[in-house]
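User: I would like to go through a model and ask, for each label attached to it, what grounds there are for using that label.

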Amino acid sequence: MLNPKTIDDASIEQRVYQLNLGPQHPSTHGVMHLLVTLDGEVVIKLEPVIGYSHRGHEKMAENRTYEQFLPNPPRMDYLSGMIFNHGYCMAVEKLCGIEVPRRAEYIRVITAELNRIASHFIGAMDYAMGLGAITPFLWGWDDREHILDLLEGIAGSRLTYSYSRFGGVRNDITKDFYDGTRRFIDRLRGRFWDYENLINQNIIFIKRSQDVGVITKEAALAYGVTGPTLRGSGVAYDVRKQEPYSVYPEFTFEIPTREAGDCLARYQVRMAEMEQSLNIIEQALDRLPPGPIRSKVPRFVTPPPGDCYCTFESARGEAGFYIVSDGSRIPYRIKVRAPSFSNLFVLTEICPGHFLADVIAIFGSIDVTVPEIDR
Amino acid sequence: MPTEEPKKPLASIKNSLVQLIPEAELRDRDDRECGYHLEVRLVTRGMRRVAREMRDRLFFLETITAVDFLEYFHLVYLFTTYHEEHLRVMARVKLPREIRPFSVWDIYAEAIWLEREVYDFFGIRFQGHPDLRRIINPDDADYFPLLKNFGKTKFTAEIDDILC
């Protein structure tokens, strides 16, 4: 933060100007457009312009059966597709009252947490790259690649999984996946120390993140901020603990929080969450119960008339599906609560007063996925 | 004589909502079946009073959305809390097509975008909104895509009885 220098009236018209960041810009993840009003290098006003990758998922839902909509949710948040896939299945199961076998729930948790780690790698390392550090990004990409290989082995695709199905999962995990995940946990535990040394000890990184883009608790409440962005502001709100779904209550894990609310805090929360996700995966692998992986579900589900709201913790915050059913095979309305949508809007509040270069840092630290905002 | 404030948060919320908005219909719902604990049903107005009450209790606004039933809309507001004890309140306003609801943007800043989204997809014009423009669809669009009479979407008459 700094105070703009006092300026004389004659030069005002030249000093205050608008700058378009994006829609194609290397530091905006996807087609995101930030319209920034600047006084010299200092931001006076910032307005995110969204909608460039709108594909009409919610309208699509009203024209197809519940099963046909299954490939859509992972395409909204392509970085944590497994979690969205899991969430959509949960919502429909809740609406129809379908029971899920315990083994399937365990597999869902393992895959979702693996996907969360992969997504946090993008979030945290892309942020570091936005600040000029290329090495951590490539390291993170390398580790993430292992997760994508593991998930590809069982789900068949690398990003947009349709692995969870109503009443269970598509197929059982293989021995390769089991052993590979164990190896990956050991590998990643040894790497955290490297990341710590590489990034957290870097004076440039610290200087550019500390006290930059502070989100207060009040702002978080007014803007509905959730996820790591909120936990960086000292609020221990996580849907996995708050409103436990699936088999999360059976595992011991912590919700990392930081009090500062700045970019560094959000980055630290993400790194700490990866370790917690590893703990969850390890416990789930230890206690993986035998049994069926899918319960008997009719070929086309027909939920009873009514509505249901089902939330889950995606890698970016609280996501949710609000489904209205009219008792037919086709949903009457599906509304998706996109965590990035609310997390992005808070930028308009926190960016004014910062340097333009800080906007890149703040935007990176919030870690949004654009297709999820636009849907 | 002032009534004693109930200890349970849900009962306390119900108590104050009944006093604030006598015309509202409150229903207890099973969280495991539909995802929320309390349903507040309103007709046309009263939403700002609900929002203000939820704001005072430090609930945050999860989402605003609409469901189109051809002759009227249901505007759906979901509130939940950061506190440890999980509680979700859903407020639902039945809104005839020609009525313009009041904006809650001064209570929840997030509503500026959420209401723009509802306007963008349903054409519901919120009164008092500072910046009601298209947000996701193109600025020059002349359609409201999530209306049931847009495109090939089916609509049923029986649904009216289900949610009302």
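Predicted model: local features only at pLDDT ≥ 70, side-chain atom pairs only at ≥ 80, totals over all residues.

User: What makes α4(A) mostly covered?

Analyst: A residue is buried if 20 or more other C-beta atoms lie within 10 Å of its own, and 15 of the 16 residues of α4(A) are buried, so the helix is described as mostly covered.

User: How are two packed helices described, and what are the values for α4(A) and α5(A)?

Analyst: Two packed helices are described by the angle between their axes and the distance between the axes. For α4 (residues 81-96) and α5 (residues 102-130) of chain A, the axes come within 7 Å and cross at roughly 145 degrees. The contact is made by A:Gly81, A:Met82, A:Ile83 and A:His86 of α4(A), together with A:Arg108, A:Thr111, A:Ala112, A:Asn115 and A:Arg116 of α5(A). By class, this contact has three nonpolar, four polar and two charged residues.

User: Why are β1 and β3 of chain B called edge strands?

Analyst: The open sheet of five strands in chain B has the order β1-β2-β5-β4-β3, with mixed pairing. In that order β1 (25-28) and β3 (59-68) each pair on one side only, and they are the edge strands. Neighbouring strands of this sheet are turned by 20 degrees against each other on average, direction ignored.

User: What makes β3(B) and β4(B) a pair?

Analyst: Strands pair if DSSP finds at least two bridges between them, and nine bridges join β3(B) to β4 (residues 72-81) of chain B, so the two count as a pair, running antiparallel. Within this region, B:Phe59 stands opposite B:Thr81 in β4(B).

User: Which helices lie on the sheet of chain B, and at what angles?

Analyst: Helix α1 (residues 9-20) of chain B lies across β1, β2 (38-43) and β5 (88-96) of chain B, running at about 10 degrees to β2(B). Helix α4 (residues 111-122) of chain B packs on the sheet too, touching β3 and β4 of chain B, and its direction makes about 5 degrees with that of β3(B).

User: Which element gives the largest share of the side of chain B that touches chain A?

Analyst: The contact takes 33 residues from chain B and 36 residues from chain A. On the side of chain B, the elements that give two or more residues are β3, β4 and α5 (159-163) of chain B, and the largest share, six residues, comes from β3(B). The residues of that side divide into 20 nonpolar, eight polar and five charged.

User: Which residues have the most contacts inside the largest nonpolar core?

Analyst: That core has 148 residues, and those with the most contacts inside it are A:Ala91, A:Leu347, A:Ile362, B:Tyr77, B:Val89 and B:Ala91. The element that gives the most to this core is α5(A), with 15 residues. Leaving aside its neighbours within four places in sequence, A:Ile362 is in contact with residues including A:Val212, A:Cys263 and A:Leu347.

Terms used:
Residues numbered from 1 in each chain as written. Chains lettered and ligands numbered in written order. Axes fitted to C-alpha atoms, helices over the stretch in contact; angles between N-to-C directions. Helix = DSSP H or I, 4+ residues; strand = E, 2+ residues; numbered from the N terminus. Contact = placed C-beta atoms within 7 Å. Nonpolar A, V, L, I, M, F, W, Y, C, P; charged D, E, K, R; others polar. Buried ≥ 20, exposed ≤ 12 C-beta atoms within 10 Å, placed from the backbone. Core = buried A, V, L, I, M, F, W, Y, C linked by C-beta atoms within 7 Å.
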